[in-house]
Amino acid sequence: MDMLGALEVGGWLMLPLLGCSLVATVIIIERLWALRAARIAPAGLGGEVCALVAQGQVNLYWLESHSPLGGVLAAGLRNARLGHDQVRARLQEAAVAVIHDMERFLSPLGTIAAIAPLVGLLGTVVGMIEVFSVLVSAQGAGRTAELAGGISQALVTTAAGLTVAIPSLMFHRFFQRRVEDITVRMEQQATQLVEFLAHYPGELNLTERDDSLAQGARGA
């Protein structure tokens, strides 16, 4: 049975299932692209920032534009002169914002994984109601085509609901785990910066400039 045939047999309840399938597919593709550890929390960035601090060459504009983790570290460095408690507080606030962004669209994906089987079950109930309606009618014995149609609708909607729900649930759990892994990586690198600042004896030399604009000005 092709897709158009399944839509016809499944009835109107196949439309919300098709919509859920399209939305889930878009979310999965978008989150696979967005939740890349190398984009959000590049390995070694914390150590690189510590080395730049020691050299007095920290450009906060570059750090913020580098990655979400860079924005977290920059938020901590901006408050380094206020004490380590303030550094930790700002790092935590900035990290919460990054985590919230990483979890974007995961709730709708989980909702689709939960409701798709229920929509399929509803189609099963509707199909069985049609079957029993035909059976109790006076001409039920001779209306085998309608009986088969009701049973087909029940089976097709159930299968469609599970087909949408299973991969949605799998990717929802996968993305949740990836968010946790990236969060741990961010915490490790932020802790590395905090410990470095706690033992750094010199003055912080922080700059904030757009090197691309500076290069453009020199070229002009």
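A salt bridge is here a side-chain nitrogen of Lys or Arg within 4 Å of a carboxyl oxygen of Asp or Glu. The model is predicted, so local features need pLDDT of at least 70 and side-chain atom pairs count only at pLDDT 80 or more, while totals for chains, interfaces and linings use all residues. Residues are numbered from 1 along each chain as its sequence is written, and side-chain values use heavy atoms, with hydrogens and water left out.

**View 1. Aspartate 101 and arginine 104.** These two residues form a salt bridge, with 3.8 Å between the closest N and O atoms.

**View 2. Arginine 104 and glutamate 30.** A salt bridge joins arginine 104 to glutamate 30, the closest N and O atoms being 4.0 Å apart. The partners are 74 residues apart and lie in distant parts of the chain: arginine 104 in the loop between helix H7 (84-102) and helix H8 (106-136), glutamate 30 in helix H2 (residues 14-34). Helices (H or I, at least four residues) are DSSP runs, numbered from the N terminus. Arginine 104 is partly exposed at 38% relative accessibility, and glutamate 30 is partly exposed at 27%.

**View 3. Glutamate 180 and arginine 177.** In this salt bridge the closest N and O atoms are 3.4 Å apart. Both residues belong to helix H9 (residues 144-198); they are 3 residues apart, so about one helical turn separates them. Glutamate 180 has a relative accessible area of 44% and is therefore partly exposed.

**View 4. The network.** Salt bridges with shared partners connect Glu30, Arg31, Asp101 and Arg104 into one network. The count for the model is 7 salt bridges.

Conventions: Helix = DSSP H or I, 4+ residues; strand = E, 2+ residues; numbered from the N terminus. Buried < 20%, exposed > 50% of the residue type's maximum accessible area, 1.4 Å probe, protein only.
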